[in-house]
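Visitor: Could you walk me through how the helices pack and what space is left inside? I like my cut-offs spelled out.

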Amino acid sequence: MTGTGMARPGETERGTLDKAAAENFPVAPFFLPRDWRTDLMAVYGFARLVDDIGDGDLAPGGADARLLGVPPQQAEDRLVMLDAFEADLHRVFDATGSGPRHPLLRRLQPTVRRRALTPEPFLGLIAANRQDQLVTRYETYDDLLAYCELSANPVGRLVLAVTGTSTPERIRRSDAICTALQIVEHLQDVAEDLGRDRIYLPAADMKRFHVQESDLATKTGGASVRALVAYEAQRARDLLNEGAPLVGSVHGRLKLLLAGFVAGGRAAIQAIAAAEYDVLPGPPKPGKLQLLREVGLTLRGKG
């Protein structure tokens with residue numbers, strides 16, 4: 001930080017990338033080839049920054065707004081910031097222009113060119129965060145799946161694209177895994193999301209299990225809330241099982257990475273179950289031994 005308390009652009013970039021260590025799932029683990037790690041971290045920087053804009057979690061001082069050309073008086077307007085970020089994304093794909101303004105998008109540009117990435121997955125992630133500003137409740141499970149199509153599935157598609165392993169069948173399996181991971185994260189974060197006035201539990205399911213919004217604001221979940229969480233956790237488990245054959249369709253270090261994603265989701269569901277589906281005191285998290293066990297099972301095609 002500078003003496004004025006404002007982050008310099010380089011520090012803004014580093015601060016965003018450093019958040020990778022705190023993620024639920026490995027972003028670019030050491031065992032991957034260096035060029036893959038470089039490109040996956042570039043993709044992560046984009047995804048992390050767009051989420052930080054959408055959640056209002058940007059570094060203080062307004063450096064990101066200045067970089068994107070947003071006036072100080074609009075720096076707190078998330079929709080304005082997302083629009084500016086989308087405009088800067090388009091500069092990544094414009095071969096005739098001067099390039100993007102934000103350092104994280106400048107970092108992304110060589111990855112886009114090297115891997116022949118398309119704008120669609122990146123635009124999906126921006127659209128998901130724009131939707132978060134406008135939609136805070138989901139009526140049906142299908143509505144939630146449509147949101148996950150924007151908020152989660154592009155990440156898996158980008159991993160396949162970066163590693164040069166995309167096929168229609170792999171994309172279908174990847175979408176199932178990513179949607180499952182998003183649902184699991186929503187289950188872990190019910191209390192935190194409610195604090196942001198967001199509920200990702202489908203309203204139709206809440207009604208079916210006789211759960212009111214006020215029931216989610218308590219310190220511990222009652223029987224109805226736990227039954228609802230168990231129901232959604234089973235949906236996520238089924239999606240993980242649907243997507244798991246993706247792991248067996250690839251080889252080498254990519255297989256280990258994808259097994260880690262599936263195993264992370266399964267271990268998180270196990271942790272939720274071990275907490276008797278009471279997620280309101282805080283997100284149940286699996287231990288490392290549980291995660292390693294699930295990785296082994298997933299690699300062997302079990303679980």
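Visitor: In which hand does α9 pass α12, left or right?
Guide: Happy to start there, with a predicted model in which local features need pLDDT of at least 70, side-chain atom pairs count only at pLDDT 80 or more, and totals for chains, interfaces and linings use all residues. Residues are numbered from 1 along each chain as its sequence is written, and side-chain values use heavy atoms, with hydrogens and water left out. A crossing is left-handed if the near helix is turned anticlockwise from the far one by less than a right angle, and right-handed if clockwise. For α9 passing α12, the crossing is left-handed.

Visitor: Why is α9 called roughly antiparallel to α12?
Guide: Helices here are DSSP runs of H or I with at least four residues, numbered from the N terminus. Axes are lines fitted to C-alpha atoms over the stretch in contact, and angles run from 0 to 180 degrees between N-to-C directions. Angles under 35 degrees count as roughly parallel, over 145 as roughly antiparallel, 65 to 115 as roughly perpendicular and the rest as oblique. The axes of α9 and α12 (residues 223–243) come within 7 Å and cross at roughly 155 degrees, which makes the pair roughly antiparallel.

Visitor: How do α6 and α7 lie to each other?
Guide: Helix α6 (residues 120–134) packs on α7 (residues 141–151) with axes 7 Å apart, at about 130 degrees. That angle therefore makes them oblique.

Visitor: Which residues of α7 meet α6?
Guide: Contact means heavy atoms within 4.5 Å. The α6 side includes Gly124, Leu125 and Ala127. Across from them, α7 supplies Tyr147, Leu150 and Ser151.

Visitor: At what angle do α2 and α4 pack?
Guide: Helix α2 (residues 34–55) and helix α4 (residues 78–92) have axes 8 Å apart. They are roughly antiparallel, and their angle is about 160 degrees.

Visitor: How much space lies in the largest cavity?
Guide: A cavity is a set of points on a 1 Å grid over the protein atoms alone where a 1.4 Å probe fits but cannot get out. Points are joined across faces, edges and corners, and a volume is the space filled by probe spheres set on them. The structure holds one cavity of 30 Å³ or more, and the space in the largest is about 100 Å³.

Visitor: Which residues lie nearest its centre?
Guide: Lining residues have an atom within 4 Å of a point. Helices α9 (168–188) and α10 (190–195) each supply at least two residues of the lining. Of the 14 lining residues, those nearest the centre are His186, Val190, Ile199, Tyr200 and Leu201.

Key:
On a 1 Å grid over the protein atoms alone, a cavity is a set of points where a 1.4 Å probe fits but cannot get out, and a pocket is an open set with protein on both sides within 12 Å along at least five of seven lines; lining residues have an atom within 4 Å of a point.
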